[in-house]
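Hello,

Here is the structure I promised to pass on, with my notes below it.

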Amino acid sequence: MSSGVTIVTGKKNRGGGFVLSGLAWVVGILFVMPVLWMLLTSFHSEEDAAKNPPDIAAPLSLGGYKAFFDTGPWPSLANSLTASVLSTALVILLAFPAAYALSIRPVKKWTDVLFFFLSTKMLPVVAGLLPIYLFAQSVNFLDNIWLLIILYTSMNLPIAVWMLRSFLSEVPVEILEAASVDGASITRTLRSVVAPVVTPGIASAALICFIFSWNELLFARVLTGTVAQTAPVFLTGFVTSQGLFLAKVCAASIVVSLPVLIAGFAAQDKLVQGLSLGAVK
Amino acid sequence: MSVDTKDAPSKPKHSGTQTGSFMRKTGDWARRAPLLPALIFMIVVTQLPFLVTLFTSFMDWNAYYPDERGFAGIDNFRRVLTDANTRHAIWVTILLTAGVVLISLLLGLGIALLLDRKFRGRGAVRTMMITPFLVVPVAAALLWKHALYNPSYGLFNGVLKWIFGENAPQPDWISNQPLWSIIFALVWQWTPFMMLILLAGLQSRPLDVIEAAGIDGANQWEIFRYMTLPHLRQYLELSALLGSIYVVQNFDAVFTITSGGLGTANLPYTIYQTFYTAHDYGRASAAGVIVVIGTIAIATFALRSVSTLFREESGK
């Protein structure tokens, strides 16, 4: 463990420090490698993509992307966008007032309420899937994007409540009091005093909810069909091999992952707070 | 006047208005009002369906035999628990969850320690590390299945040919080690998650105390063993528990990489099949209830660990 010691205190140890920095780089590159490989392969022709050993310097081609877009992914991408954006908007709309009532003007037993929200996150999706399916079937709500919007909202609401609460608890109470002395109503206080202070928090909570909605497969797979199918469901069409199709699969995976990569890098600094449901800052 | 909301949670802050009990009641409701939409929404969308599942798990209900619907008692549970497939699925779920969580926790700890130092390009390495977590799970599983594991054109066998030439071994990774194939694909996605939480933990260490210990003659290993590790304990717990809660439910990777074949069907996949293809609703519900019971065990610890961190943060 002698090599691990410099890590602990961050004390300058030239030689060992150099090795550890190098190691960090190697590990980072190893972890990002599959994604880079996928990116490179997506720009190769199918013939080059299937070569073994691989031909890194093969000429670049847009064939994979063209083949992917020829399979008609736009409706499912649009569905994913609708479901993610609308559910995220709904989440923030519901979570913001709730977080307000759990931090700035807290209700009685606010910690119990907070932990109730968290506990719903621990209920496995499969446990509620069947009744939701049967209910949707009986009211003719299957294969409807609104069903997913509602379910994604419930999936992400606890995360958003926890995150926004931890942001709101940083709002200086003096500003609020000044506003209430001025006779501002709750809605006005929320809109003009609290919101500006916590806008960055709202943005990162929204990005994280967007990512989770965009990624979701099980609900979408079971509850949608041809009409409301989302992008991850569309991707499951590539589960079984179809001859030379590696470049197409890689192109598909890149296109579908792109929004999440963008949202994730944008929310990078707040990612850990969202993932730990606000428990870690 | 500055009232710390965290330290005085239920203390009314505006004193003048709340004189009569009527006023207090309307005040309480005014406080609750912003909370209610979210609360009611969550109860309706998450708690009601689970109650129905619980109810259905005691019923004889197969969509193919609609006439035979009735009360089944604990029959479904008995059938689920004695069925060889389900028992195997329970075992797979445990192996998969434990494997993914333990390996990614250890890797995540090592990488967090590496990243908890100042060095050139630290931000870039951190970004590279996060990337796997930002690939859509189905896409990640497709990437591992087709672009890495594939025996004839996957990168792994390609690298083997690069190193060992034309006669290199070309194993069929998924067929040889189906469960490990899934575990490694998931470890790749979950290590960044563990790393991020542990790194946040490392960076919240009281550095002055650690420096003082160094001055007092504690060696580096002692500092790690007796100061860093105890401080990290709750972060390790939290990341392990949250990771377990997500991985125990994994459907995407199993569905994509092996389609539940080769003995890799875990409980979520088995339930999906029982209900989606076999339409045995009673049995699917019973299996669902079993997953919930298993999750409650983990979740109880998870909630406790979150609440410890929560109280410490509030106490600051």
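This is a predicted model: local features need pLDDT of at least 70, side-chain atom pairs count only at pLDDT 80 or more; totals for chains, interfaces and linings use all residues.

Now to chain B. Its secondary structure comes to 14 helices and two strands. The radius of gyration of chain B is 26 Å, whereas the globule rule gives 20 Å for 316 residues, so chain B is more spread out than a compact globule. Along the principal axes, the C-alpha atoms of chain B fill a box of roughly 80 × 70 × 30 Å. Of the 316 residues in chain B, 43% are buried. As for how the chain folds back on itself, take the contacts in chain B with a separation of 6 or more: 71% of them join residues 24 or more positions apart.

Then there is the place where the two chains meet. Chain B brings 97 residues to the contact and chain A brings 95. Which helix gives the most to the side of chain B that touches chain A? That is helix α14 (residues 281-315), with 14 residues. By residue type, this side of chain B has 64 nonpolar, 24 polar and nine charged residues.

Happy to talk any of this through.

Best wishes

Conventions. Residues are numbered from 1 along each chain as its sequence is written. Chains are lettered from A and ligands numbered from 1 in the order in which they are written. Helices (H or I, at least four residues) and strands (E, at least two) are DSSP runs, numbered from the N terminus. The radius of gyration is taken over C-alpha atoms; the globule rule is 2.2 Å times the number of residues to the power 0.38. A residue is buried if 20 or more other C-beta atoms lie within 10 Å of its own, exposed if 12 or fewer, and partly exposed in between; C-beta atoms are placed from the backbone. Two residues are in contact if their C-beta atoms, placed from the backbone, lie within 7 Å. Ala, Val, Leu, Ile, Met, Phe, Trp, Tyr, Cys and Pro count as nonpolar, Asp, Glu, Lys and Arg as charged, and the others, Gly among them, as polar.
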